[in-house]
Amino acid sequence: MERQKFCKMLEIARGYSQKTTSNLSYDMRMPPQNIRRIERGLLNFRMDRCLNYLEHIGYTIFLEKDGEEVVIVRYEDILAWFSDNRGKSSRPSIASDMGVDRSYIRLIESGQHKISVDLFLKLVEMFGYNLTLVPGEDDE
């Protein structure tokens, strides 16, 4: 999936949540123009920021493959999903498939570097998952 398509999904989900750009901007402590850039796919932002966006509009990332379902709510969920799917593949092998340096994989796994939206979408495709955004459970 391309970033622009994913970001369009974010914009549509925000519309369903009835959260305005101004309200979301205030909640996320981010200028409204950055919200618009995100929704247009102009920024390759970090997944922790994406999950913060989704939290504020009440949505989560839902991944599905062959009956396996994964719900991504926190950044740690991405790291666990990545670790589970990386399996026994070596860092050089995974790095080559992802088009990044193997030291980058180490930085991600150690939590020293956050995965970007583009890299996350590449991983989703590489591991063969389907991605959708779903309304989260209301805790109240």
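**Figure 1. Val-117 is buried, at 0% relative accessibility.** This close-up comes from a predicted model. Val-117 belongs to helix α8. Leaving out residues up to four places away in sequence, Val-117 touches Arg-3, Phe-6, Asn-44, Phe-45, Met-47 and Cys-50. Val-117 and Ser-89 are 28 residues apart in sequence, and their C-alpha atoms are 22 Å apart in space.

**Figure 2. Helices α2 and α3 pack at an angle of about 105 degrees.** Two packed helices are described by an angle and a distance, both taken from their axes. Here α2 spans residues 21–28 and α3 spans residues 32–40. Their axes are 8 Å apart. The angle makes α2 roughly perpendicular to α3, because values of 65 to 115 degrees count as roughly perpendicular. From α2, the contact uses Thr-21, Leu-24, Ser-25 and Met-28. From α3, it uses Pro-32, Ile-35 and Arg-36. By type, the residues of this contact are 4 nonpolar, 2 polar and 1 charged.

**Figure 3. Arg-29 sits in the loop between α2 and α3.** Look at the backbone of this residue. Most residues other than glycine have a negative phi. Arg-29 has a positive phi, near 55 degrees. Is Arg-29 buried or exposed? At 64% relative accessibility, Arg-29 counts as exposed. Now look at the side chain. Arg-29 lies over the face of Tyr-26, at 5.0 Å from the ring centre.

**Figure 4. Asp-66 has a positive phi, near 50 degrees.** This residue is found in the loop between β1 and β2. Strand β2 covers residues 68–72. Asp-66 is exposed, because its relative accessible area is 76% and the cut-off for exposed is over 50%.

**Figure 5. Thr-60 is buried in strand β1.** The strand runs over residues 59–65. Thr-60 has 12% relative accessibility, so it counts as buried.

**Figure 6. Gly-58 and Tyr-16 are each set against Pro-135.** Gly-58 lies in the loop between α4 and β1. Helix α4 covers residues 47–57. At 33% relative accessibility, Gly-58 counts as partly exposed. Gly-58 and Pro-135 are 77 residues apart along the chain, with 5.8 Å between their C-alpha atoms. Gly-58 touches Val-134, Pro-135 and Gly-136, if residues up to four places away in sequence are left out. Tyr-16 lies in helix α1, residues 3–17. Tyr-16 counts as exposed, at 63% relative accessibility. From Tyr-16 to Pro-135 there are 119 residues in sequence and 9.3 Å in space, C-alpha to C-alpha.

**Figure 7. Trp-81 and Tyr-129 form an edge-to-face aromatic pair.** A search of the whole structure finds 4 aromatic pairs. A pair of aromatic rings is described by the distance of the centres and the angle of the planes. For Trp-81 and Tyr-129, the centres are 5.5 Å apart and the planes are at 75 degrees. The pair links distant parts of the chain, 48 residues apart. Trp-81 is in helix α5, residues 75–86. Tyr-129 is in the loop between α8 (117–126) and β3 (130–135). Are these two residues buried or exposed? Both Trp-81 and Tyr-129 are buried. Ring pairs also build a cluster: Trp-81, Phe-82, Phe-120, Phe-127 and Tyr-129.

**Figure 8. Helices α5 and α7 cross at roughly 130 degrees.** Helix α7 covers residues 102–109. The two axes come within 10 Å. This angle makes α5 oblique to α7. Leu-79, Phe-82 and Arg-86 make the contact from α5. Ile-105, Ile-108 and Glu-109 make it from α7. The residues of this contact divide into 4 nonpolar, no polar and 2 charged.

**Figure 9. Lys-114 lies over the face of Tyr-75.** The distance from the ring centre is 4.5 Å.

Methods
Residues numbered from 1 in each chain as written. Predicted model: local features only at pLDDT ≥ 70, side-chain atom pairs only at ≥ 80, totals over all residues. Heavy atoms only, no water. Axes fitted to C-alpha atoms, helices over the stretch in contact; angles between N-to-C directions. Helix = DSSP H or I, 4+ residues; strand = E, 2+ residues; numbered from the N terminus. Parallel < 35°, antiparallel > 145°, perpendicular 65-115°, else oblique. Contact = heavy atoms within 4.5 Å. Nonpolar A, V, L, I, M, F, W, Y, C, P; charged D, E, K, R; others polar. Phe/Tyr/Trp six-rings, centres within 6.5 Å; stacked < 30°, edge-to-face > 60°. Buried < 20%, exposed > 50% of the residue type's maximum accessible area, 1.4 Å probe, protein only. Lys NZ or Arg CZ within 6 Å of the ring centre and 35° of its normal.
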